[in-house]
Structure formats: structure tokens, C-alpha cells
Amino acid sequence: MKTALAALIAATALSACAAPSEPTLGGDRDAHGCIGSAGYSWSALKQTCVQPWNAADIKLDDPANSTLAVYVVLSADKAQAEIFAADVPQNTLLEAVKGGYMSKNGKVRLMRENQKWRLIK
């Protein structure tokens with residue numbers, strides 16, 4: 001009996017000293033269920049999780065930082081565009097205007113000039 005009690009106490013003491021468990025891979029789901037560690041973000045335009053670099057219809061250098069990229073996902077009818085960029089609020093939608101796309105407040109524009117896209121913020 002004493003041996004069993006001693007073994008139980010020893011097992012309890014050792015389990016208390018165990019290393020903390022590692023976070024579960026894919027355990028970083030956001031409110032929409034997108035796994036950020038796998039590069040997924042919620043697309044308000046597509047209504048699903050996307051990897052912006054895979055889903056992008058337009059890719060360009062970030063005008064504020066050339067080491068970053070800007071990814072743009074277009075709606076099927078090309079009437080709207082969603083911007084994925086470091087310094088643009090998440091789920092920023094742009095509406096089609098003459099020469100490109102513009103946010104409702106006019107602060108973010110994606111314009112086609114000389115066969116190239118340019119982001120203006």
C-alpha cells in the first residue's frame with residue numbers, strides 16, 4: 001500500500017514539472033475560422049478564407065515599402081476589388097471607377113496607368 005501511494009505521489013510530482021504543451025498547429029483560427037499561421041485571411045469579397053498571394057488577380061509592390069507586396073482580389077464581374085496590404089485596413093473594398101478602383105471614402109485608390117497598376121493611399 002505504501003509503495004502504491006509513494007508511486008502515485010511521485011507521478012503527480014513529475015507531471016507537475018512537465019514542460020508546457022506546445023500550441024496546436026492550426027490553433028490560431030480567427031473569428032472566421034481562417035488559419036493565420038498558414039497565411040489565410042478572410043476575404044470579405046469572396047466570403048471565404050484565402051491566401052492573398054494565391055488568390056490575387058493583381059500583384060504589385062507596396063508603394064510605401066518595396067520589400068512588401070500588395071495583393072488585390074477582384075470580384076467575378078470586376079466591379080469590386082479587395083486590397084491585402086500591410087498598411088491598409090483589413091477587408092478594404094474598392095468600387096470600380098473610371099481608370100481603376102476607389103474606396104468609398106476616397107482614401108485608397110488603385111489606378112491603371114500606362115498598362116501598370118498603381119496603389120494610392
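# Close-up views of a predicted model

**Figure 1. The lining of the largest pocket.** β4 contributes the most residues to the lining of the largest pocket, namely three. The model is predicted: local features need pLDDT of at least 70, side-chain atom pairs count only at pLDDT 80 or more, and totals for chains, interfaces and linings use all residues. Residues are numbered from 1 along each chain as its sequence is written, and side-chain values use heavy atoms, with hydrogens and water left out. A pocket is found on a 1 Å grid over the protein atoms alone, as an open set of points where a 1.4 Å probe fits, with protein on both sides within 12 Å along at least five of seven lines. Lining residues have an atom within 4 Å of a point. Helices (H or I, at least four residues) and strands (E, at least two) are DSSP runs, numbered from the N terminus. The volume of the largest pocket is about 170 Å³. A volume is the space filled by probe spheres set on the points, and grid points are joined across faces, edges and corners. The lining consists of S41, L68, A69, Y71, I83, F84, A85, A86, V88, P89, Q90 and N91. By type, the lining has nine nonpolar residues, three polar and no charged. Here Ala, Val, Leu, Ile, Met, Phe, Trp, Tyr, Cys and Pro count as nonpolar, Asp, Glu, Lys and Arg as charged, and the others, Gly among them, as polar.

**Figure 2. The largest nonpolar core.** This core holds 14 residues. A nonpolar core is a set of buried Ala, Val, Leu, Ile, Met, Phe, Trp, Tyr and Cys residues joined through side-chain atoms within 4.5 Å. Buried means under 20% relative accessible area, exposed over 50%, and partly exposed in between (1.4 Å probe, protein chains only). Which residues touch the most other members? They are L60, V70, V72, I83, L94, L110 and L119. At least two core residues come from each of β3 (58–62), β4 and β5. β4 gives the most, with three. Now look at L110. Beyond its neighbours within four places in sequence, L110 is in contact (heavy atoms within 4.5 Å) with residues including I58, L60, V72, I83 and L94. G99, G100, Y101, W117, R118 and L119 are also among the contacts of L110.

**Figure 3. β5 and its two partners.** Is β5 mostly covered or uncovered? It is mostly covered, with four of its five residues buried. Two strands pair if DSSP finds at least two bridges between them. β5 pairs with β4 in the antiparallel sense, over four bridges. In this pairing, V72 stands opposite I83 of β5. β5 also pairs with β6 (residues 92–97), again antiparallel and over four bridges. There, Q80 has E95 in β6 as its bridge partner.

**Figure 4. Two loop residues with positive phi.** Most residues other than glycine have a negative phi. K78 is not a glycine, yet has a positive phi of about 60°. K78 lies in the loop between β4 and β5. The hairpin of these strands has five residues between them. K78 counts as exposed because its relative accessible area is 52%. Q47 is the second residue in this view. Q47 also has a positive phi of about 60° without being a glycine. Its place is the loop between β1 and β2 (48–50). Q47 is exposed, with a relative accessible area of 52%.

**Figure 5. D62 in strand β3.** D62 is found in β3. Is D62 buried or exposed? D62 counts as buried because its relative accessibility is 4%. Leaving out residues up to four places away in sequence, D62 touches L68, A69, V70, A85, A86, D87 and K121.

**Figure 6. R29 in a loop.** R29 sits between α1 (2–16) and β1 (41–43), in the loop. R29 counts as exposed because its relative accessibility is 54%. Apart from residues up to four places away in sequence, R29 touches C34 and I35. The C-alpha atoms of R29 and S41 are 9.8 Å apart, and the two residues are 12 apart along the chain.

**Figure 7. The whole chain, for orientation.** The protein chain has two helices and nine strands. From the N terminus on, their order is α-β-β-α-β-β-β-β-β-β-β. Of the 121 residues, 28% are buried.
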